[in-house]
Amino acid sequence: MWKSGVTLARALRPRSALRLGSKASSWGAPATFKPAAACHLLWSSETQFSQSGQPKDYALPNASWSQGMLNLYNEFVEKSKDGTWKRIPSYRHSLDHIPDLMKLEGEKMSKDTRLFLRSLDEEGLGFEYVMFLNPSEKRMVTVYQPGPYLEGHPGFAHGGSTAAIIDSTIGGCAIFVAGRVMTANLSIDFKNPIPLGSVVLVDGKVNRMEGRKVFLSCQVWSADGQTLHAEATALFIQLDSLSRR
């Protein structure tokens with residue numbers, strides 16, 4: 001059940017990051033691979049929208065965030081100053097994340113919808129999270145605090161909510177390397193339940209690509225790196241937009 005080795009807290013130290021980076025650089029996509037325009041928008045849209053003030057970015061601190069979540073947020077913001085990590089803005093609607101999506105694909109979508117993880121109006125009741133992308137390592141880390149409306153067993157987050165935050169985290173990784181994707185398979189081993197209101201780190205990475213297939217893995221650790229809550233493997237499929245017309 002428990003694996004020996006370096007905890008996530010140690011893995012996030014600068015020296016370990018260099019080690020992980022050197023390993024990640026050997027994965028990569030084929031030499032001819034170039035991220036789609038939508039991939040660039042995934043982590044560049046923060047500047048585009050923050051200047052206009054709309055729409056609201058929910059991946060910024062609010063009154064419901066615990067001190068532990070603020071501390072980890074500030075830690076990654078500091079790591080982002082040299083460009084190693086990039087904070088990913090989070091909006092309620094898909095179109096706000098990738099506003100040119102419909103122009104690229106010629107499809108019609110309504111904004112009378114909400115992303116599942118951003119469906120609640122009141123702060124702190126559901127998914128409170130912020131994602132940070134490390135492009136060179138093809139890695140996404142989510143700082144996550146589950147609220148009381150995500151309860152399963154009394155006092156703990158429902159396993160489905162854990163699956164949702166894992167899927168969203170590694171989905172962001174898959175989008176970065178492959179553009180538009182969908183989950184084909186997600187396998188999760190639940191190790192220890194996540195207490196409501198606690199803070200965990202969801203650490204996902206791309207392992208390899210085979211054609212349109214993107215293989216990923218993920219671990220969910222307590223903020224101090226001492227408790228493994230869950231680990232997962234996943235397969236995402238790169239979508240061909242032309243096949244949907």
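Helices here are DSSP runs of H or I with at least four residues, and strands are E runs of at least two, numbered from the N terminus. I am working from a predicted model.

**Overall layout**

With that counting rule, I got seven helices and seven strands for the protein chain. I then wrote down the order from the N terminus: α-α-α-α-β-α-α-β-β-α-β-β-β-β. I looked up burial next, and 45% of the 245 residues in the chain are buried. The accessible surface comes to about 12,600 Å², and carbon and sulfur atoms account for 54% of that. I also checked how far contacts reach along the chain. Taking contacts between residues at least 6 apart in sequence, 68% join residues at least 24 apart.

My next stop was the inside. Nonpolar side chains tend to be buried together in soluble globular proteins. In this model the largest nonpolar core has 35 residues, and Ile166 and Val214 have the most contacts inside it. I listed the elements that each supply at least two residues: β2 (127-134), β3 (139-146), α7 (159-178), β4 (181-190), β5 (200-210), β6 (213-222) and β7 (228-238). Helix α7 gives the largest share of this core, 10 residues. There is also a second, separate core of 13 residues, and I noted Met69, Tyr73, Val130 and Val141 among them.

Val214 is in contact with Ala174, Val177, Ala178, Val206, Arg208, Met209, Ala234, Leu235 and Phe236.

**Cysteines**

How many disulfides does the structure hold? I found zero. Cys173 is in none, and the nearest cysteine sulfur to it, on Cys218, is 8.1 Å away. Cys173 is buried, with a relative accessible area of 1%. Cys218 comes out at 3% relative accessible area, so I put it down as buried.

**Thr162**

I found Thr162 in helix α7. Is Thr162 buried or exposed? Its relative accessible area is 5%, so it is buried. Beyond its neighbours within four places in sequence, Thr162 is in contact with Phe190, Ile194 and Ala230.

**Tyr149**

Tyr149 took me to the loop between β3 and α7. At 58% relative accessibility it counts as exposed, because the cut-off for that is over 50%. I still wanted its partners: leaving aside the neighbours within four places in sequence, they are Leu120 and Leu125. The C-alpha atoms of Tyr149 and Leu125 are 5.4 Å apart, with the two residues 24 apart along the chain.

**Thr113**

Where does Thr113 lie? I found it in the loop between α6 (101-105) and β2. Its relative accessible area is 43%, so I logged Thr113 as partly exposed. Skipping neighbours within four places in sequence, I found Thr113 in contact with Arg92 and His93. Thr113 and His93 sit 20 residues apart in sequence, and C-alpha to C-alpha they are 6.7 Å apart in space.

How values were computed. Residues numbered from 1 in each chain as written. Predicted model: local features only at pLDDT ≥ 70, side-chain atom pairs only at ≥ 80, totals over all residues. Heavy atoms only, no water. Core = buried A, V, L, I, M, F, W, Y, C linked by side-chain atoms within 4.5 Å. Buried < 20%, exposed > 50% of the residue type's maximum accessible area, 1.4 Å probe, protein only. Contact = heavy atoms within 4.5 Å. Disulfide = S-S within 2.5 Å. Areas by Shrake-Rupley, 256 points an atom, 1.4 Å probe, with all protein chains shown as cover.
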